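Okay, thanks everyone. I'll take a few minutes to walk through one model, starting with the overall picture and then going to a few spots in the loops.

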Amino acid sequence: MARRADSFCLISCVLVSFVISVSAVTDDSQDKQVYVVYMGSLPSSRLEYTPMSHHMSILQEVTGESSVEGRLVRSYKRSFNGFAARLTESERERVAEMEGVVSVFPDINYKLQTTASWDFLGLKEGKNTKRNLAIESDTIIGFIDSGIWPESESFSDQGFGPPPKKWKGVCSGGKNFTCNNKLIGARDYTNEGTRDIEGHGTHTASTAAGNAVKNTSFYGIGNGTARGGVPASRIAAYKACSEMGCTTESVLSAFDDAIADGVDLISISLGANLVRTYETDPIAIGAFHAMVKGILTVQSAGNGGPNPGSVMSVAPWILTVAASNTNRGFVTKVVLGNGKTFVGKSLNAFDLKGKNYPLYGGSTDGPLLRGKILVSEDKVSSEIVVANINENYHDYAYVSILPSSALSKDDFDSVISYVNSTKSPHGTVLKSESIFNQAAPKVAGFSSRGPNTIAVDILKPDVTAPGVEILAAFSPLNSPAQDKRDNRHVKYSVLSGTSMSCPHVAGVAAYIKTFHPEWSPSMIQSAIMTTAWPMNATGTAVASTEFAYGAGHVDPIAAINPGLVYEIGKSDHIAFLCGLNYNATSLKLIAGEAVTCTGKTLPRNLNYPSMSAKLPKSESSFIVTFNRTVTNVGTPNSTYKSKILLNHGSNLKVEVSPSVLSMKSVKEKQSFTVTVSGSNIDPKLPSSANLIWSDGTHNVRSPIVVYTYSVSD
């Protein structure tokens with residue numbers, strides 16, 4: 001990697017979609033590489049079934065070797081069935097044809113993808129927010145990431161009792177690694193130990209579930225109390241990622257253990273830069289089996305934005321999170337010798353104490369740069385310059401290794417004009433400062449966008465949450481600029497990316513679960529989506545529509561009392577996969593039970609909280625229907641009336657039947673149909689509306705999106 005820049009997060013966790021390495025992970029033998037063999041659910045009757053023995057016998061059969069210990073890399077045997085092994089191409093083909101095998105796919109490398117953010121979300125510190133601390137303390141969040149820094153104050157167990165009795169995990173963190181009553185579990189799949197070398201896993205865990213730690217800042221910038229959304233909850237760290245990335249077999253091992261260990265939620269801030277079909281996507285596979293066990297998986301959408309179709313988390317049983325800003329931002333001012341001041345973006349902790357230096361706008365190398373402030377279109381980290389002023393191509397502040405400020409194009413051009421027209425141009429770069437009341441929430445440019453390219457009638461991402469300039473715990477082993485030339489080490493740092501928004505929503509999901517511990521993953525996901533803050537398009541391009549933010553911006557306070565929820569069970573997801581033409585044999589293995597695909601189940605009729613349909617381009621006029629069922633989780637004897645709000649100037653006609661739902665009791669279910677019609681849809685933009693069910697207290701909102709747009713357009 002040219003820039004260690006968060007092996008997981010390019011430039012402070014953003015701007016890469018947390019790429020995967022295209023080549024497979026290989027061993028020393030050139031004709032063998034590691035493949036994952038996915039075999040679905042474990043047999044329901046396991047008295048006479050030993051997964052590892054079965055896996056070894058399969059390897060012996062396909063390789064013709066009696067001793068295959070050197071071939072077997074991992075055996076998945078706790079929560080689902082499968083293994084990872086070193087195989088030749090011909091051996092892979094033979095395994096893929098064997099009875100009981102769902103899929104075989106290469107072991108590729110995945111890469112990983114706050115003082116003010118929780119206040120912005122409405123979850124205030126201490127007694128200012130309603131909490132159920134007894135249940136919160138019994139809630140366990142599993143983080144599949146780069147490990148954790150156990151000594152951080154964010155993970156102190158002061159005031160914590162023993163781990164919940166349901167916990168079945170272990171503390172296998174490696175040498176000099178100790179768990180406690182806050183950080184109750186640790187497992188490592190990288191042979192490095194669970195200690196976080198990068199800082200990414202520490203940051204995500206503390207964002208969701210870290211203790212409240214006062215007087216934290218980044219060198220005095222952003223000073224305040226750093227805390228997670230559910231600070232009384234417990235943490236289990238599953239290290240599947242090293243500096244080189246996160247292998248498929250490690251990610252699946254982490255899911256296998258986390259499910260069996262008894263976590264209540266899984267937060268996973270990593271992904272690929274290639275969308276994978278569900279049966280070859282380790283996160284989709286692990287999350288499916290987690291869902292079956294009542295565990296919700298929250299995943300980052302990816303950092304491939306604003307490109308359409310860049311969202312990598314596309315399974316409906318995963319809650320997919322985009323990234324947006326908050327009302328707080330970090331800015332760095334540039335003051336020129338003529339007295340003009342420009343406000344740019346960066347996280348500059350260096351203080352030049354107002355001293356002016358010569359400005360240089362020429363070549364970016366050579367002795368002429370020494371002792372000067374370089375004015376260049378690109379960010380330069382030369383050690384001989386005093387500071388750097390560059391043009392801002394991003395919408396976030398990055399940690400710099402020298403005084404730096406990224407200006408808007410107009411402001412940058414003004415500085416260049418000053419340099420070129422002045423005999424002795426000079427100026428200075430000030431230390432960064434916090435600003436509040438900036439326009440928010442706005443989806444970040446780097447946040448991956450829809451449409452969903454695997455299941456085109458499932459809207460992704462699902463929601464957006466704070467993921468820009470988030471202050472949280474960090475590993476002292478890495479530098480804040482994530483650059484080997486940066487000799488600084490900090491306990492708290494600022495990162496941006498969907499990696500940061502994901503644990504915010506994991507924290508919100510845990511918060512909901514503390515009030516509704518019996519709720520299923522789909523009920524929690526529905527509550528988050530249908531109570532989200534509405535967002536409007538910030539531009540005219542497809543990347544500024546629901547494909548950017550899904551149902552809207554997460555609202556944790558409203559989500560604990562949604563009124564109605566859209567429930568989806570295992571059988572519903574299997575029917576959904578039937579509709580995507582998965583065969584019954586594979587689905588039987590995945591489900592662990594007999595599956596019959598009856599008729600043509602339309603994927604858009606999955607009981608999802610949002611409604612989306614891709615239309616054929618050949619049809620100038622259309623009629624499309626969505627079938628949905630809601631469950632009353634509000635009050636008995638309540639009447640919900642439907643209302644339709646059109647978005648983005650769309651001219652859709654939307655009818656709801658019935659238009660009124662009368663709920664006599666809690667847990668009562670009622671079904672309805674939404675019929676959408678129209679003509680001549682803009683091929684470059686989705687047409688959308690919102691369906692709102694309201695009883696006067698609850699407003700249960702679902703986006704409706706129809707489109708003809710294709711990523712290839």
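**Overall picture**

So, the protein has 15 helices and 36 strands; helices (H or I, at least four residues) and strands (E, at least two) are DSSP runs, numbered from the N terminus. Housekeeping: this is a predicted model, where local features need pLDDT of at least 70 and side-chain atom pairs count only at pLDDT 80 or more, while totals for chains, interfaces and linings use all residues. Residues are numbered from 1 along each chain as its sequence is written, and side-chain values use heavy atoms, with hydrogens and water left out.

On overall dimensions, the C-alpha atoms fill a box of roughly 80 × 65 × 55 Å along the principal axes.

Of the 713 residues, 61% count as buried. Buried here means under 20% relative accessible area, exposed is over 50%, and partly exposed is in between (1.4 Å probe, protein chains only). The accessible surface comes to about 26,200 Å², and 49% of that belongs to carbon and sulfur atoms. Those areas are from Shrake-Rupley with a 1.4 Å probe, and for residues only the protein chains shown count as cover.

Charges next: there are 64 positive and 62 negative side chains, with the centres of the two sets 6 Å apart. Lys and Arg count as positive, Asp and Glu as negative, and His and the chain ends are not counted. The place of a charge is NZ of Lys, CZ of Arg, CG of Asp or CD of Glu.

Asp462 sits in the loop between β24 (433–435) and β25 (463–466). Buried or exposed, would you say, for Asp462? Asp462 counts as buried, because its relative accessibility is 0%.

So what does the side chain of Asp462 reach at 2.8 Å? That would be the backbone nitrogen of Thr320. There's also a 2.6 Å polar contact between the side chains of Asp462 and Tyr608. By polar contact I mean a pair of N or O atoms within 3.5 Å; within protein, one must be able to donate a hydrogen and the other to accept it, and residues adjacent in sequence count only if both atoms are side-chain atoms.

If you skip residues up to four places away in sequence, Asp462 touches several others, among them Ile318, Gln525, Met529, Tyr549 and Gly550. Contact means heavy atoms within 4.5 Å.

Gly550 itself is in the loop between α12 (546–549) and α13 (556–559), and counts as buried because its relative accessibility is 2%. Leaving aside neighbours within four places in sequence, Gly550 contacts Leu459, Pro461, Asp462 and Pro703.

Most residues other than glycine have a negative phi, and most peptide bonds are trans. With that in mind, Lys460 and Pro461 are joined by a cis peptide bond, omega about -5°. Pro461 is in the loop between β24 and β25. Pro451 is found in the loop between β24 and β25 too, and a cis peptide bond joins Gly450 to Pro451, with omega about 10°.

Then positive phi. Glu469, in the loop between β25 and β26 (470–473), has phi near 60°. Glu469 is buried, at 4% relative accessible area. Gln482, in the loop between β26 and β27 (492–495), has phi near 50°, and at 1% relative accessibility Gln482 counts as buried.

Last one: α8, residues 282–292. It's mostly covered, with 10 of its 11 residues buried, including Ile283, Phe288, His289 and Met291. At the start of α8, a side-chain oxygen of Asp281 comes to within 3.0 Å of the backbone nitrogen of Ile283. Just after the helix, Gly294 takes a positive phi of about 85°.

That's my tour, so over to you for questions.
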